[in-house]
Amino acid sequence: MSKNFSILVIDDNPTDLKLISSLLANNGYDVSSAQEAPAGIELAMQMRPDLIILDVMMPIINGYNICRLIKDQAEYSGIPIVLLTSRSNEEDHRIGREAGADAYISKPFDSEGLLCTIKDLLNNYA
């Protein structure tokens, strides 16, 4: 990788947050994380990451609404967002697309599949 891409992971599950963050860091990405939606939104606005990985099922603000919030702001709308969630039916995928998500990956996820999706999105947006 010629550039160290920054990725923000927002997930209320500490185990998933640690697993995803470690996977990304071990593959050369600069990783920041937040365990709560409001902190994640604030961090996204401050750091303007190259990509955001976002859980859907979170207290306070769900991932669909966070995605909409970020994508509705012109200065942040170009940040690719991957929804990573245990919700896997077609209706959930449709809602994710309508919210502006660039990819939707179901948990449990395949590490190589997640890394390929991230690489493709970063190549398309860089």
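Modeller: In this predicted model, the side chains of Lys 107 and Asp 16 meet in a salt bridge, with N and O 2.9 Å apart; the term stands for a side-chain nitrogen of Lys or Arg within 4 Å of a carboxyl oxygen of Asp or Glu. Lys 107 lies in the loop between β5 (103-106) and α5 (111-125), and Asp 16 in helix α1 (residues 14-26), so the pair ties together parts that are 91 residues apart in sequence. Helices (H or I, at least four residues) and strands (E, at least two) are DSSP runs, numbered from the N terminus. Both partners, Lys 107 and Asp 16, are buried, that is, under 20% relative accessible area, where exposed would be over 50% and partly exposed in between (1.4 Å probe, protein chains only).

The side chain of Lys 107 also meets that of Asp 55 in a salt bridge, at 3.6 Å from N to O. Because Asp 55 lies in the loop between β3 and α3, while Lys 107 is in the loop between β5 and α5, this pair ties together parts 52 residues apart in sequence. The relative accessible area of Lys 107 is 18%, and Asp 55, at 6%, counts as buried. Through shared partners, salt bridges join Asp 11, Asp 16, Asp 55 and Lys 107 into one network.

A search of the whole structure finds eight salt bridges, including one between Arg 48 and Glu 75, whose closest N and O atoms are 3.8 Å apart. Here the link runs between the loop joining α2 and β3, which holds Arg 48, and the loop between α3 and β4, which holds Glu 75, 27 residues apart. Arg 48 is partly exposed at 43% relative accessible area, and Glu 75 is partly exposed at 48%.

Residues are numbered from 1 along each chain as its sequence is written. Local features need pLDDT of at least 70 and side-chain atom pairs count only at pLDDT 80 or more, whereas totals for chains, interfaces and linings use all residues, and side-chain values use heavy atoms, with hydrogens and water left out.
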